[in-house]
Amino acid sequence: MKKLKLNIEGMHCASCVGNVKKSLMNVKGVKDANINLILKSGRVEAEDNVSLEEIKKAVSKIGYKVINITAE
Amino acid sequence: MQHEHNKSEDSEIRKWKRNLVGAWVFTFPIAVLMIFTRIFGIELMDEGWMILITLILGFPVIFIFGWHTIKYGLKGLFTFYFGMDSLIALGTVIAYLTGIFTFFNVVADYSGVAAMIMSIFITGKYIEAKARGRATKEIMKLLELGAKKARVLREKQEIEIDISELVVGDIVIVKPGEKIPTDGIVIKGESAVDESMVTGESLPVEKQKNSNVIGATINQDGILYVKTTKVGSDTFLAHIIKLVEEAQGTKVPIQALADKITSVFVPVILVVSFLTFSAWFYFSNDLSRALGVGISVLVIACPCSLGLAVPISLTVSSGIGAKKGILIRKGEAIQTMKKVKIIVFDKTGTLTKGKPEVREIFSKVKESYLLEIVGSVEKLSEHPLSKALVSKAELKKYKEVKSFKILRGRGVEGKIGNKKIVIGNSSLMKERNIPLKEFSRRIDEFEDKGYTTVIASENSKVLGIIGIADSTKEDSVLAISELNSQGYRTVMITGDNERTAMAIAKEVGIKEVIANVLPEEKAKKVEELQKQGMVAFVGDGINDAPALKQSNVGIAMGTGTDIAIEAGDLVLARGSLDGVVGAIKLSKATFSKIKQNLFWAFAYNIVAIPVAIAGLLHPVIAEIAMAASSITVVSNANLLRRKKI
């Protein structure tokens, strides 16, 4: 299990947050995703085999951009 | 990384601003044209030309300056990731297309309306982004608080290095006016340090050799040589930042309904809007009118205000809290705090300073003999009371103690030579059948003064009694009286006996006391109190973590350089009791702001959507209402700042 912190660009409303969360949760191995619109950040809990690329793709696929991703 | 945060905030505002200016440059002439023709009925030119000009001017507004919204909005419609953008994109594109279809005489022209909706939408987003920036002001400040450089002593040379290169054990030199780069301990020098930015403590704190200092605080008047004890993510400041950031992701229970609605809001509105359009078309047989109403419904619905109501309030509140050293760790605590009736204070370290000192000795033998015995035995214990006794005894040489034993919550015992020494409270003496009778008047006297009374015996004969007291914190009295006057039931919990406890409680103004409680029983006592009402527990998190957890709201107090992060729902960076009053005020103010915001967000949508369905609102008015509602929620949250905490 690993915890990731994302900085996400482009979210500007509450439904954006819902979309990013939904898209991340659809990634296999992602256990939890908490997205914060105001701080433009997200915390993702995922199994170890989930790659950073998959996470980034899930966000970019629906029109937002991950500008930074760090493991905690 | 911290800088990136801020830059992205600015770049978002800049982006909206650029689009805003561009959109209005083209929308303004359209608006003028519309006002002349639609409102004053003045024909400036042929109708066909006018529509053509509107279409040309409107194109960049929607498809260049509004491209982001159009692109993601339409994409969302096909991928089923609906957002606010989907509503606006659909509304404006349909409205724009009417301008083309109008040449075939199928429908009236709404293309001017499309440009205006997009411009207002962008304007609203710009204002909202700015207000959101204000909401995160304090948190961003906190993120950037850390020092960037450190001046270290390496191989007897002073060199300036980047903060990331600093390692534990480095000696850093901090000159007056400079930021202390990281947590450490003073090895040389004396100064006053301003810690307000981290702990909320408004007065400078005196530092000398062996004092702990906190990174990011400002050295005021002397040079300090500091040995680094913590760097990077281990520092006090890093802990505070992490805590504040994590708190943003926690939920306040009241928002559950709003979240549920937000998640289905957009698809529901799409359906409602389509049904509205169909019904209007069916009953009025007027395609133009039906389209206008349908568009109004699309653009008036505002999921933003619903989704933002709670998190934006929480953000503003954790920001202003952090500035005062009040850290909200769990959003839930804000809601629970409102229902709390009973506030339980741990005595040691919470109401008192946690540094007990010997105040009075009554000895049957020579005082120096008593202290020699007591000092030697107590030296082997880590208990705060033992430390007080040892420091009073100030022995140069300790006697050898054999078969030493700690009797939890009661005292200690051991053997010096062939003499059996038992030191502890009166219940320990009773347990060992050591007669106390001739001391009982003295003991009562000590306890009435609020002393914790330690009895020292040798071979079952009492040598003397020692009164130890821990002075109460200066702000205890004021804080407790404020809480009492607010109608809270204040209770003190302690391992002291009833009499001593009552004396201290009286001193600070607490009426109720739970005495003789062993550390591990505290949680149970809290549980018992919970049968009578919601309980907040205030403690330092050192030996009362279970009680903090058991209570409905756990308020953990910092102790100078450590903060009990894990233990509390609310965490105070410094150990002062006015922080408790502040934390309660902040929680209540935040929760009422949350309720206000949710109320307005719900009320807006509940009123506005039916009015739009009824066809009473022009699409432009509908869009203005929508923009205003989400701006209102953010601005209202920013008003929290005015509350005096």
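In what order do the strands of the open sheet of seven strands in chain B stand? The order is β10-β22-β21-β20-β11-β18-β19, and the pairing is mixed.

## Basis of the model

This is a predicted model, in which local features need pLDDT of at least 70 and side-chain atom pairs count only at pLDDT 80 or more, while totals for chains, interfaces and linings use all residues. Residues are numbered from 1 along each chain as its sequence is written, chains are lettered from A and ligands numbered from 1 in the order in which they are written, and side-chain values use heavy atoms, with hydrogens and water left out.

## The seven-stranded sheet

Strands pair through backbone hydrogen bonds, either parallel or antiparallel. Here two strands count as paired if DSSP finds at least two bridges between them. Helices (H or I, at least four residues) and strands (E, at least two) are DSSP runs, numbered from the N terminus.

At the edges of the sheet stand β10 (326–328) and β19 (512–514) of chain B; each has a single partner strand, so one side of each lacks a neighbour in the sheet. Neighbouring strands are turned by 20° against each other on average, direction ignored. Within the sheet, β11 (residues 340–346) and β18 (residues 489–493) of chain B pair in the parallel sense over five bridges. Ile342(B) has Arg489(B) of β18(B) as its bridge partner. Helix α8 (residues 236–248) of chain B lies across β10 and β22 (570–572) of chain B, at about 40° to β10(B).

## The six-stranded sheet

A second topic is the open sheet of six strands in chain B, with the order β2-β1-β3-β9-β4-β7 and antiparallel pairing. Its edge strands, β2 (157–162) and β7 (212–213) of chain B, each pair on one side only. Strand β4 (residues 184–188) of chain B runs antiparallel to β7(B) and is joined to it by two bridges. Val213(B) in β7(B) is the bridge partner of Gly184(B).

## Helix packing

Axes are lines fitted to C-alpha atoms, for helices over the stretch in contact, and angles run from 0 to 180 degrees between N-to-C directions. Angles under 35 degrees count as roughly parallel, over 145 as roughly antiparallel, 65 to 115 as roughly perpendicular and the rest as oblique. Contact means heavy atoms within 4.5 Å.

Helices α2 (residues 47–65) and α4 (residues 84–101) of chain B pack at about 155°, with their axes 10 Å apart. That angle makes α2(B) roughly antiparallel to α4(B). On the α2(B) side, Ile51(B), Leu55(B), Gly58(B), Phe59(B), Ile62(B) and Phe63(B) meet Thr92(B), Val93(B), Tyr96(B), Gly99(B) and Ile100(B) of α4(B). This contact has eight nonpolar, three polar and no charged residues. Ala, Val, Leu, Ile, Met, Phe, Trp, Tyr, Cys and Pro count as nonpolar, Asp, Glu, Lys and Arg as charged, and the others, Gly among them, as polar.

Helices α17 (residues 440–448) and α19 (residues 498–508) of chain B pack at about 30°, with their axes 7 Å apart. They are therefore roughly parallel to each other. Asp444(B), Glu447(B) and Asp448(B) of α17(B) make the contact with Arg499(B), Thr500(B) and Ala503(B) of α19(B). Its residues divide into one nonpolar, one polar and four charged.

## Chain A against chain B

In chain A, 26 residues are in contact with 37 residues of chain B.
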